[in-house]
Each structure stands twice: as structure tokens, then as C-alpha cells.
Amino acid sequence: MSRETRRPGRHFLQIPGPTPIPERILSAMSKQILDHRGPEFQALAKHLFANLKALFKTRNDVVIFPSSGTGAWEAALVNTLSPGDKVLMVETGQFALLWATMAKSLGLVPEVLKTDWKVGVDADLIEQHLRKDTNHDIKAVCVVHNETSTGCRAWLQDIRKALDAAGHPALFMTDTISSLGVMDLQHDAWGIDVTVSGSQKGLMLPPALSLNAISDKALAAAKTAQLPKSYFSWADMLATNADGFFPYTPATGLLYGLTEAIDMLQEEGFDNVFARHERFAEATRRAVNAWGLDIWCREAKYYSPAVTAVTLPDGHNADQFRALVLETFNMSLGTGLNKLAGKAFRIGHLGDTNELTILGALAGVEMGLKIADIPHAKGGVDAAMAYFAETATSSAQKAA
């Protein structure tokens, strides 16, 4: 028996992933394990593979690996590229930086476009850089759709147009680990060659599943790619997935959960899911603005629907503030990573959440600001409540 003092109520997990797991998904994952070589599992897998196509909006196969999203990064690179290949990457934050670091460690040559981490990917800069690459030495362009560390999004449609305008044949890859199930993604229509994702954010699952959606062009590149691969081989996965199986023991419990998660997103309707996240993000930003604090993301064009990074005034440490909020109100806020360390905290507003959850989180922040004696104006929660009231739509109205 634990000797710790019991804390009534629930813990508010307001980090931008992992996100709270809905009871339906927890229940699905608690099912007894199946024979992963048997017909019942085969039927489950085939149903899941079909639903993944709908989730990614692709006609092609989506590969599932038992790994964190980092594994999906690696799979995207090693299946399509060869040692010494140049890859164009945009350093929009900590996760873009880590993907570039991985590329270098695998024997690739990343060309990195720097930013101040306060904006998303500028498609015009990509086009300008690609136009200079007249020999087409750059073999892939890799961007993060939603930079979780900074709260800045990218517009993938514009990046696809940039590649086309430059007449460049590079593969187009994107990390959607914190955007899938949160904001619109159209793998086929936007001409994406490899879409990378993970289970623990908008998909409302525990960490440990990673995903690659793959275009025909990427599959063709895989036939000549020379980087070593084994565990993350697309060829092995696709060969066995075709029959509803996996080349090695799959994470069966998580596959139950993923199936349930996609069912839940489809029941709500993908467009409704995306609109819900945009609305919660706007309410959060209105609260931050009312407090008189700064949103880390500099331009509204790049505001994230998944997470908002909030900068504290000089002389106030964001990690100490987070610790106070956790101790006082049993709420976890996202830490500031790298350039944001100690300067900013992050409010996650993605996954299985609603208006009251968001308002509870914002109330915890506002009370924490007062207790920590951080200069701010009152009324952030009021601003969010007013926005929610103005934009409320009942279930009956939605059905009409």
C-alpha cells in the first residue's frame, strides 16, 4: 500500500503528449491477447489497415512499427535514402533539430535552414533553396507539420507547391506525430511521400506505436536505397501485412487501442475533430493574451491547434512555475525544451479533451500565476469562457 497522501480528483495531464487515454481505448487494450498468426487477428489487422488509409487520406498502405515516433523518423530515412544523400530540413524547434541530428548519424548530409524557433516552415525559403540545387543533389525535404516544442505549425500544401514550383524531384517527408488526429492531413492530395506519425498524441494512445504512410514514389525509392535496415524495413512489413500479419510479434494490445481510436475519430467526424482542436487552441490563446503574457509562436499564421507555448516575463523561471502548479493543483504542464528551457511552459490542448477540461487547465494556470507572483492581468479564464459561450454549438444543433 502506498504511504503517499491521497490526492482527490484526477491528475490534469496538460502536456502536449502523451495525452490522457479515453476509457473506451483502455477497455479495448485490456482484451485478452490473440494468436497473432490466427484468423481472428488477421481480420483485426485488415480492418485496421483499411481504417489507417482513411486516417491518412491515402490509397496506399500505412506501415505500423512497435516503437516511439523516433522509430518512424528512422524508418522514413533508411527505407528511401543512401549514405551521403543530402536532405533539406528546417530547424523550427527541438524535434526538427533531433530529426536532422538523426539524419547525420545515419550517414546522410542534412542541409538545415535555420529559424529563431518562433515560426513554422516558410515554403518560400524551401523553394528558393531548391532552385539553387540544379544538380538535384537534395534527395528529400523533411519538415515537421506541428513543432511540439514551440507550438508552431507548417502548411504542408504550400511546401508541396514549393517543390513543384522549383521543379525539384526530392521526396517530401513530414513528421505528423503531434498533428495526426488534430489537424487536417491529406497524404495523397498534398503529394507527401512519407508521413511519419506516432500513437501518443492526437490518437490518444500510450507511446510505442509509430506509423509511416508511403507514396508510390517513396516505394520506388526504397528499391534502390542503400542505408542499412532490418527492424524498420518496409519491405518486410508490407510483404506480411498484405495477408493481415506482421513479420515479428506485434504490439497486439496497442493495435486493439489504435483500432478503437480511429473508430472514435470517425464517429466524431474528422472535420469536427479538427474544428474542435482549433477552437480549444483559440480559447487558450485568448486566455494567454488576457493575462498579458506572450505566446512563443510569433505569427498567427503558424499557431498550433495542438499546443500553445507561453513565455514568462524575465526573472521568472517556467520550470519553477510548472513545479508549483503540479504541487498545488495536481496539473502537469509541458516543459520548455532547449531554447525554451526555463523561459516558457506549454499547454497541451489536444486529444480526448473538451471545454471544461480546457477551462480547468486554464484556471490552474491563472491561479498558479497569482500564487507565483508572476506579473499578469486577471481575466484569462473569463476570456476563454466568453469565447466558448459565443461559439458553443449543442449536439442537437450539430445534428440538425
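The legends below describe close-up views of a predicted model.

Local features are given at pLDDT of at least 70 and side-chain atom pairs at pLDDT 80 or more, while totals for chains, interfaces and linings use all residues. Residues are numbered from 1 along each chain as its sequence is written, and side-chain values use heavy atoms, with hydrogens and water left out.

View 1. A pocket is an open set of points on a 1 Å grid over the protein atoms alone, where a 1.4 Å probe fits, with protein on both sides within 12 Å along at least five of seven lines; lining residues have an atom within 4 Å of a point. The lining comprises 22 residues, and Phe-95, Thr-148, Ile-177, Gln-200 and Lys-201 lie nearest the centre. Two or more lining residues come from each of α3 (69–78) and α4 (94–105), and α3 gives the most, with 3. Helices (H or I, at least four residues) and strands (E, at least two) are DSSP runs, numbered from the N terminus. By class, 9 lining residues are nonpolar, 10 polar and 3 charged. Here Ala, Val, Leu, Ile, Met, Phe, Trp, Tyr, Cys and Pro count as nonpolar, Asp, Glu, Lys and Arg as charged, and the others, Gly among them, as polar.

View 2. In α3, 8 of the 10 residues are buried, where buried means under 20% relative accessible area, exposed over 50% and partly exposed in between (1.4 Å probe, protein chains only). The buried residues of α3 include Gly-69, Trp-73 and Val-78. Trp-73 is stacked with Trp-99, at 5.9 Å centre to centre and 10° between the planes. Rings of Phe, Tyr and Trp (its six-membered ring) pair if their centres lie within 6.5 Å; planes under 30 degrees apart count as stacked, over 60 as edge-to-face and the rest as tilted. Trp-73 and Trp-99 are both buried.

View 3. Tyr-231 and Tyr-248 are stacked, at 4.8 Å centre to centre and 5° between the planes. Tyr-231 belongs to the loop between α7 (216–222) and α8 (234–241) and Tyr-248 to the loop between α8 and α9 (252–268), so the pair ties together parts 17 residues apart in sequence. Tyr-231 is partly exposed at 38% relative accessible area, and Tyr-248 is partly exposed at 21%.

**View 4. Charged ends over rings.** The charged end of Arg-10 sits over the ring of Phe-12, 4.0 Å from its centre. The charged end of Lys-31 sits over the ring of Tyr-256, 5.4 Å from its centre. The rule requires NZ of Lys or CZ of Arg within 6 Å of the ring centre and within 35 degrees of the ring normal.

View 5. Thr-174 is in strand β8 (residues 171–175) and is buried, at 0% relative accessibility. A polar atom of the Thr-174 side chain lies 3.2 Å from the backbone oxygen of Val-143. Ile-64, in strand β2 (residues 62–65), is buried with a relative accessible area of 1%. Ile-64 and Met-237 are 8.1 Å apart, C-alpha to C-alpha, and 173 residues apart in sequence.

Key
A polar contact is a pair of N or O atoms within 3.5 Å; within protein, one must be able to donate a hydrogen and the other to accept it, and residues adjacent in sequence count only if both atoms are side-chain atoms.
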